[in-house]
2 protein chains.
Amino acid sequence: MVIRVLIADDHSVVREGLRMFLGRDPELEVVGEAADGVEAVESARQLHPDVVLMDLLMPVMDGIAAISIIRNELPETEVIALTSVLESAAVVGAVRAGAIGYLLKDTQAPELRRMIKAAAAGQVQLSPQASAYLMREVRTPEKTEALTEREMEVLRLLVQGQSNKEIARALQIAEDTVKTHVKHILAKLGVQSRTQAVLGAIRLGLVSPEQRMKLQ
Amino acid sequence: MVIRVLIADDHSVVREGLRMFLGRDPELEVVGEAADGVEAVESARQLHPDVVLMDLLMPVMDGIAAISIIRNELPETEVIALTSVLESAAVVGAVRAGAIGYLLKDTQAPELRRMIKAAAAGQVQLSPQASAYLMREVRTPEKTEALTEREMEVLRLLVQGQSNKEIARALQIAEDTVKTHVKHILAKLGVQSRTQAVLGAIRLGLVSPEQRMKLQ
DNA sequence: GACTCCCTACCCCTTTAGTGGTAGATCCGT
DNA sequence: ACGGATCTACCACTAAAGGGGTAGGGAGTC
């Protein structure tokens, strides 16, 4: 019984590396590749793979969104999140979206193959570090209270380094109103200043990398 | 005449992918691998490769530092910077350090082989985007005036979201002095607020990723 | 010795940011 | 119809940040 694997990563070098790692094992077969989230979802729909190796950082549609869709439409298909950095928000997001496993790109080949087989069998396999992040998250439930839509808009402008006055102009509201929103954002994020809010937003992945790079 | 290549990347998957890409070409031979900057430098010393493929984001010693050392000690060895994101600071930093080329991890195999051969011949090969970044840098000479050592220290604390008072305590100096430093930092970075300074520092790569992640 | 750069520290002053509270308008679900 | 959440907006006040300038002491350079 061969396990059919779909690889989703925006770097061709990484895809080729994974292909090599997996190709050596006769129980595994790479049935397709995808270079972004949308491709990944479409390929999964067509191929019905047993396991998807999904990079979290991809253009067009990020990996977490793709995981959600795939897990919804194809409950038989298990997804392993794949990333180069072990970051709290990414682990939690991937697991929330339905990933059964989480691994780093510096994982060795045997470990990788073991995880794919476990995933195909529906068994959860997490690295000790990833488990630790999940534990912490469970112990501290929704540390980040959900921001409202408007607050997210304000946060996005904060992350571009704008002042309250500039934000007010951009959103066509009074500066006092902006201060109210900022006040609530700081409280919800549990920080003391807009700079900390910006750093927290970036760290928690509340804003996409594109948004925070607009500066200049 | 076979071109001897050293691969330096902290992700085993990426190394394997590069090996695959390059192995298909009889003119290229992968003579070694390194998982961090220090390993890269040591391997280069021993192996004297013709070309080093150097990831910029690595633990222990980052790629740019490793490039500097290698280019200094082994002028015959050309280095191609390798990274997943095309970012202004990284391009400029790599070229300053002595990289002869710069390429992204989503580069296709033929392109990759072509660049390695050009590099071995001492020819510069840059992607159009990377060239554009360099052009902009040249047109805007030292947009970022060099910060002094003390200013860098203050900047690092700024990037951790600390207030002037907290920074003063951390550095054992008066808050007024901190304000003076911050004043100079803002002027040199050409920004209007500490939040913008933090964003700029991150974008320009003036602080390492580890430093900005300390929050919490 | 004169000069420059850096770090330190203070001055005065303006602007921006942050805290606490209240409150009307709207929408949504029960 | 009612409560709850959200967005809006204001008030008063305090704290923090930023902009201008000056200036002494140390280290290094010419």
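A residue counts as buried when its relative accessible area is under 20%, as exposed when it is over 50%, and as partly exposed in between. These cut-offs are applied below to a predicted model.

Begin with strand S1 of chain A, residues 3-8. Five of its six residues are buried, so by the cut-off just given the strand is mostly covered. Strand S1 of chain A has partners in two other strands. One is strand S2 of chain A, residues 28-34, which runs parallel to S1 and is joined to it by six bridges. Within this pairing, A:Ile3 has A:Leu28 as its bridge partner. The other is strand S3 of chain A, residues 51-55, which also pairs with S1 in the parallel sense, over four bridges. Here A:Val5 stands opposite A:Val51. In chain A, helix H1 (residues 12-23) belongs with S1 and S2 to a β-α-β unit, and this unit is right-handed.

Next come the charged side chains. Side chains of opposite charge can pair when their charged atoms come close. Over all chains, the count is 18 salt bridges.

One of these joins the side chains of A:Glu78 and A:Arg71, with an N to O distance of 3.3 Å. A:Arg71 reaches 23%, so it counts as partly exposed.

A second salt bridge, in chain B, links B:Lys117 and B:Asp25 at 2.7 Å, N to O. B:Lys117 lies in helix H5 (residues 109-120) of chain B, while B:Asp25 lies in the loop between helix H1 and strand S2 of that chain, so the pair ties together parts that are 92 residues apart in sequence. B:Asp25 is buried because its relative accessible area is 8%, whereas B:Lys117, at 27%, is partly exposed.

B:Arg150 has a relative accessible area of 28% and so counts as partly exposed. B:Glu153 is also partly exposed, at 28% relative accessibility.

Conventions: Residues are numbered from 1 along each chain as its sequence is written. Chains are lettered from A and ligands numbered from 1 in the order in which they are written. This is a predicted model: local features need pLDDT of at least 70, side-chain atom pairs count only at pLDDT 80 or more; totals for chains, interfaces and linings use all residues. Side-chain values use heavy atoms; hydrogens and water are left out. Buried means under 20% relative accessible area, exposed over 50%, partly exposed in between (1.4 Å probe, protein chains only). Two strands pair if DSSP finds at least two bridges between them. A crossover is right-handed if, with the strands pointing away from the viewer, the path from the first strand over the helix to the second runs clockwise. A salt bridge is a side-chain nitrogen of Lys or Arg within 4 Å of a carboxyl oxygen of Asp or Glu.
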